[in-house]
Amino acid sequence: FLFEIIYLYGMLLILAVVGSAAGVLIRDNFGVDYMAGVIIMFVVVGLLTFKGSRSIENFLAGWSFLLYLVYAVILIVTMINFGPQIRETFLTFESKPGWMLGGFKYALYNINVVPAVMFCLTHIETRKEAVTAGLLGGGIAMFPGLLFFIAIVSQYPAVLPEEIPIIFLLNQVDITWLFIFFQIVLFGTLIETGTGLIHAFNERIQSAYKANNRQFPRKMRPIVAVILLVLGMGIASFGLINLIAKGYGSLSWGVFAVYMIPVFTLGIYRIMKNK
């Protein structure tokens, strides 16, 4: 039950972050009120959530390919425009104290959402498929992050105070079509994240009902989605940077205590024992 509390906290925090990012995007590019952008994003998430697992899986997979493509293009364009700056930053940058702990915490609060995609695991039928999917999943998930990291160091340290660093980078590159295309892809990615989280929460409730030989009422799915979206919208009013700075630290250590330690000790023991 402790994990469920932390998962709910993490889900609402991430919903608020993606909602806030959407609000910043809409505000900065179209002059629309910040909360209007948040509401637009959450309305689309709510509509997608009602479609069911199959539609959500197809959307997640298709949009991810588009996301990877646009990050690859951004890296190529950045290398052409700022190649020397990237090389210089990597050669002269000095690691600051706490970098390893920071990376560890970053990994932890991302791991918290692993259960959010477990509704896709119904396609996996063997242990070999499960292990292969796990090994591939980690690398595939981090690949666009690596592309982004290489590109963004071209703007270090000026990029540090920016709310959405990659928008700052694209402004420096100054290619209109790429800027517009990326904003569309980023907005879709925020929607994809929120949809996956809410759908996963409904799936977890359904699993709890099934464990007690009961059926999760279909009409409850939209009700749960609306409650979560309203809560996320309220939290998003605190602003993007404040949410990340103040919320993610406590989430990381909670995940470590109630998820990572049990999975990597008792979990591995049970897997090895149950051949």
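With a relative accessible area of 62%, D174 counts as exposed; the label exposed applies over 50%, buried under 20%, and partly exposed in between, for a 1.4 Å probe and protein chains only. This is a predicted model, in which local features need pLDDT of at least 70 and side-chain atom pairs count only at pLDDT 80 or more, while totals for chains, interfaces and linings use all residues. Residues are numbered from 1 along each chain as its sequence is written, and side-chain values use heavy atoms, with hydrogens and water left out.

D174 is also of interest for its backbone: phi is positive, about 60 degrees, although the residue is not a glycine. D174 follows helix α6 and sits in the loop between α6 and α7; helices here are DSSP runs of H or I with at least four residues, numbered from the N terminus. N213 is another non-glycine residue with a positive phi, near 55 degrees. N213 falls in the loop between α7 and α8 (220–236) and is exposed, at 75% relative accessible area. Most residues other than glycine have a negative phi, and most peptide bonds are trans. Against that background, the bond joining Y156 and P157 is a cis peptide, with omega about 5 degrees; P157 belongs to the loop between α5 and α6.

Helix α1 has 29 residues and spans 42 Å from its first C-alpha to its last, close to the 42 Å expected at 1.5 Å a residue, where the expectation is 1.5 Å times one less than the number of residues. After α1 comes G31, with a positive phi near 70 degrees.

In helix α6 (residues 165–173), the buried residues are I166, I167, F168, L169, L170 and V173. I167 is also a contact of Q183, as are L25 and N29, again leaving aside neighbours within four places in sequence. Q183 is part of helix α7 (residues 176–211) and counts as buried, with 11% relative accessibility.

A search of the whole structure turns up 11 aromatic pairs. Rings of Phe, Tyr and Trp (its six-membered ring) pair if their centres lie within 6.5 Å; planes under 30 degrees apart count as stacked, over 60 as edge-to-face and the rest as tilted. F104 and F256 are edge-to-face because their ring centres are 5.5 Å apart and their planes at 75 degrees. This pair links distant parts of the chain, with F104 in helix α4 (residues 99–111) and F256 in helix α9 (residues 240–273), 152 residues apart. Y209 and F216 make a tilted pair, 5.3 Å centre to centre with 45 degrees between the planes. Here Y209 is partly exposed at 22%, whereas F216 is buried at 5%.

F3, Y7 and Y259 form one aromatic cluster, and R204 lies over the face of Y7, 5.2 Å from the ring centre. That arrangement requires NZ of Lys or CZ of Arg within 6 Å of the ring centre and within 35 degrees of the ring normal. R204 also takes part in a salt bridge with E4, the closest N and O atoms being 2.6 Å apart. This pair, too, links distant parts of the chain: E4 in helix α1 and R204 in helix α7, 200 residues apart. A salt bridge puts a side-chain nitrogen of Lys or Arg within 4 Å of a carboxyl oxygen of Asp or Glu, and the search of the whole structure finds 1. Both partners are partly exposed, E4 at 36% relative accessibility and R204 at 26%.

Key: Helix = DSSP H or I, 4+ residues; strand = E, 2+ residues; numbered from the N terminus. Contact = heavy atoms within 4.5 Å.
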